[in-house]
Amino acid sequence: MTIIDPLTFPPGFLWGAATASYQIEGAAAEDGRTPSIWDTFSHTPGRTRGGDTGDVACDHYHRYREDVALMTDLGLAAYRFSVAWPRVQPGGRGPMNAKGLDFYRRLVDELLERDIVPWVTLYHWDLPQELEDAGGWPARDTAARFADYAAAVHGALGDRVRHWTTFNEPWCSAFLGYASGVHAPGRQHAPDALAAMHHLLLGHGEAVRAIRANDPEAQLGITLNLYAISAADPAKPGDLDAVRRIDGLANRIFLDPVLLGRYPEDVRADLAGVSDFGFVRDGDLETIAAPLDLLGINYYSRHVVAAPDPDAPAEPYWRAPTSWPGSETVRFLKRPGYSVTDMDWEVDAPGLTETLVRVARDYPAVPLYVTENGAAYVDTPGTDGAIDDQERVAYFDAHFRACLAAIAEGAPLKGYFAWSLLDNFEWAWGYSKRFGMVGVDYATQRRTVKASGHRYREVIKRNGLAE
Ligand code: FCB
């Protein structure tokens, strides 16, 4: 598509914001919801910063109307949220819970009434605890449980929801959940992490098939967290090989099976000491590569990597204090002069352009959506209560420009969801990290639109940037 004005997005570009069930809903034990792995994990001493849990979170379960009104105030055209599996199917198998489904029906109706597209993620990390007790994602049966659940949720909401995402960031579920253990369920067993990865992907493929069979027109996709990756010294073959390895373990190990129907051979070779991939059965990859209508990409930062250096011990992966299978020999470096967010993630907007263009170039054509992008900063409200988060304003601005650059280079980018609508429970970091365009005072549950939210409203209205 030719863009006449370089600061304007193509007509129909979809502007949204994203959240996830456990991060905002609260009401953890209400209306029949049973615990998820995140309830268990967050209630285990030492697992989350300050022992924070999602018991109350933003109390969105009770305040969803107010929150949807905020979306209207910001001018959002779409809202990406997730369904809490243990709320709608307690225990992860068997009958559905009408009260749980009703909550999402009410939420969706409220959105539709306000002309906001509901964009549903079926799994944003809250696996019912009973399924973890039965083996969790390393167990093949969990994939079948997920497909049943997905079909049942689609059965309940499919008349009003057209956009369905199976999984959010299976990399995190598999590797942070089962290898490094910094996310629920907090296990540390590398071979299990790889089995988990495969079963998450299998669950994705089976769910796509099941939903498609009932609703050929549904818009189906998956959301992957992808990274731009570059070499500390591009002149060093060892550093370039570190790029190949980490690109394989972070990006291609998910992109290839989903879009090409195969695991990358070089990554399998890198992981030979961890797993023989014996969990792959005949027909699995065909299922996993079920045709999609769109691909969601979450982008936050870039990895700069280098070869092992006998004089500088391998650095632990920046989000995972222990192992990410296959990455042990790689050094992850910080570049001097780059600003970092409150997560200590380097701000690298050109990496978003690079990621979008790369997916468009290396994989079969599929419409792309940025389903998450955003930044945590320490917000200090002024004496009048206003939150002037100029660093976040700048972060978003740079990434909008990166989207425009990707579109100009031909990437089929169709929409953008900011992370996040609200400050929320940032997993192991609890409430200490704030990502919202709307601030939440957890003591009073008061919402305050930050400067970044006000700016976003202008961008949406203009469908582009002013200068
Ligand atoms: C992503 C998660 C999302 C949020 C952001 C900051 O990995 O999908 O829930 O925590 O990071």
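**Figure 1. Strands S6 and S8 of the predicted model run parallel and are joined by 4 bridges.** The structure shown in this and the following views is a predicted model. Strand S8 comprises residues 302-306. Within this pairing, Ile229 has His303 of S8 as its bridge partner. Strands of a sheet pair through backbone hydrogen bonds, in either a parallel or an antiparallel manner. The two strands belong to an open sheet of 3 strands, in the order S6-S8-S9 and with mixed pairing. Its edge strands are S6, residues 228-231, and S9, residues 331-332, each of which pairs on one side only.

**Figure 2. Helices H10 and H13 against the sheet of S6, S8 and S9.** Helix H10, formed by residues 237-260, lies across S6, S8 and S9. The direction of H10 is at about 165° to S6. Helix H13, formed by residues 350-362, also packs on the sheet, where it touches S6 and S8. The angle between the directions of H13 and S6 is about 105°.

**Figure 3. The second largest cavity has a volume of about 60 Å³.** In the whole structure, 5 cavities of 30 Å³ or more are found. The lining of the second largest cavity consists of Ile37, Trp38, Tyr123, Trp125, Trp137, Cys172, Ser173, Tyr178, His183, Ala184 and Pro185. H8 makes the greatest contribution, with 3 residues. Sorted by class, the lining contains 9 nonpolar and 2 polar residues, and no charged residues.

Figure 4. Most residues other than glycine have a negative phi, and most peptide bonds are trans. Trp125 is placed in the loop between strand S3 (117-123) and helix H6 (129-133). Pro185 is located in the loop that lies between H8 and helix H9 (190-214). Trp125, Ala184 and Pro185 are among the residues that line the second largest cavity.

**Figure 5. Tyr22 and Trp427 form a stacked aromatic pair.** A pair of aromatic rings is described by the distance of the centres and the angle of the planes. The structure contains 48 aromatic pairs. In the pair of Tyr22 and Trp427, the rings are 6.4 Å apart centre to centre, with 20° between the planes. This pair links distant parts of the chain, as the two residues are 405 residues apart. Tyr22 belongs to helix H1 (residues 21-24), whereas Trp427 is in the loop between strand S11 (413-419) and strand S12 (438-441). The loop between S11 and S12 also holds Ser420. The peptide bond that leads from Trp419 to Ser420 is cis, with omega near 15°.

**Figure 6. The hairpin of S12 and S13 has 4 residues between the strands.** Strand S13 comprises residues 446-449 and pairs with S12 in the antiparallel sense, over 4 bridges. Gly439 stands opposite Thr448, a residue of S13. In this hairpin, Gln445 adopts a positive phi near 65°.

Key: Residues are numbered from 1 along each chain as its sequence is written. This is a predicted model: local features need pLDDT of at least 70, side-chain atom pairs count only at pLDDT 80 or more; totals for chains, interfaces and linings use all residues. Side-chain values use heavy atoms; hydrogens and water are left out. Two strands pair if DSSP finds at least two bridges between them. Contact means heavy atoms within 4.5 Å. Axes are lines fitted to C-alpha atoms, for helices over the stretch in contact, and angles run from 0 to 180 degrees between N-to-C directions. On a 1 Å grid over the protein atoms alone, a cavity is a set of points where a 1.4 Å probe fits but cannot get out, and a pocket is an open set with protein on both sides within 12 Å along at least five of seven lines; lining residues have an atom within 4 Å of a point. Grid points are joined across faces, edges and corners, and a volume is the space filled by probe spheres set on the points. Ala, Val, Leu, Ile, Met, Phe, Trp, Tyr, Cys and Pro count as nonpolar, Asp, Glu, Lys and Arg as charged, and the others, Gly among them, as polar. Rings of Phe, Tyr and Trp (its six-membered ring) pair if their centres lie within 6.5 Å; planes under 30 degrees apart count as stacked, over 60 as edge-to-face and the rest as tilted.
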